[in-house]
Amino acid sequence: MKKEVTNKVKRIDTEVDRLRMRHKDTDTLKVTDNVFDDPTLKTLYTLSNKGILKAMGGPISTGKEANVFLAEGEEQDIAIKIYRISSSTFNSMEDYILGDPRFRNVRHSKRDIIFAWTQKEQRNLIRAKEAGIRVPEPIIAERNILVMEFMGENEKPYPQLKDIKLDKEVARDVYDTIINYMDLLYNEANLVHGDLSEYNILIIPATNEAVFIDMGQSVTREHPRSREFMIRDIENIVRYFKKYGINEDPHELYAAIRDKEEKTQNTD
Ligand SMILES: Nc1ncnc2c1ncn2[C@@H]1O[C@H](COP(=O)(O)OP(=O)(O)O)[C@@H](O)[C@H]1O
Ligand SMILES: [Mg+2]
């Protein structure tokens, strides 16, 4: 190994050790330990060698399937989402991948499903962005690691919708934007988010702009369960905004978005 590369590898090892130390006392130790298995460390080295990853920062989130870290990128802070290879909840992933024509040729070993899933999240984010939806810009998907734009400032991620209190008029604007994003996602990107809720929407505090995140499970309209997922997404959003005095019927909203689909098809 070249000296420069060895140094980089050492640096990531040290960073990873530091993260482990920091979490020694908490119950995240197990998950943090799990996430940095050898194949994942190797992938981090690859990203470092490509110059994409300069240094690992602190953990942002430990979810059911993935850990998200802040990191130093080439020119800006980046978010690194690492899908755990040893995660136990991946059976449900097959349901989403199998109905998606884009993944017809994916082999069905657990690792391959996780790699495909990571690719899928990147592709979904790109499609969403192209449709005009505010999402973290993906930088690269390498095996089980998705590198993307860090949505936050001063090393702190923007808050999730669930954690902020909005003024009533602002809430209406945020709600309208979210419904418009679901419409764009469906009619322009041909996607259904599939896990949309106050947890997977960040709010930029300065401007109250909504950002959609967490699109690994998003499916195309052709997916056999896309209708069910879409209605569930709409129901989550409608339910959440009830406390701001917004009362809309999820099925009417769904029909309105669907109607546009028929119109788009008729003019093709
Ligand atoms: N690009 C990003 N920039 C800043 N924070 C992020 C980013 N992506 C995810 N996060 C943070 O990490 C959390 C978990 O990410 P998410 O993609 O929702 O994964 P999970 O599948 O674990 O829910 C989010 O709620 C958010 O707080
Ligand atoms: Mg999430």
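A pocket is defined, on a 1 Å grid over the protein atoms alone, as an open set of points with protein on both sides within 12 Å along at least five of seven lines. In this predicted model, the largest pocket is the space taken by ligand 1. Local features require pLDDT of at least 70 and side-chain atom pairs pLDDT 80 or more, whereas totals for linings use all residues. Residues are numbered from 1 along each chain, and hydrogens and water are left out of side-chain values.

Ligand 1 is surrounded by 18 residues (a heavy atom within 4 Å), among them Lys-81 and Glu-149. Domain 1 (3-153) and domain 2 (158-266), with bounds from an automatic or database assignment, both contribute to this shell, so ligand 1 lies between them.

A polar backbone atom of Met-151 lies 2.8 Å from a nitrogen atom of ligand 1. Oxygen atoms of the ligand are 3.0 Å from a polar side-chain atom of Asn-200 and 2.9 Å from a side-chain N or O atom of Asp-214.

Key. Chains are lettered from A and ligands numbered from 1 in the order in which they are written. A polar contact is a pair of N or O atoms within 3.5 Å; within protein, one must be able to donate a hydrogen and the other to accept it, and residues adjacent in sequence count only if both atoms are side-chain atoms. On a 1 Å grid over the protein atoms alone, a cavity is a set of points where a 1.4 Å probe fits but cannot get out, and a pocket is an open set with protein on both sides within 12 Å along at least five of seven lines; lining residues have an atom within 4 Å of a point. A molecule sits in a cavity or pocket if more than half of its atoms lie within 2 Å of its grid points.
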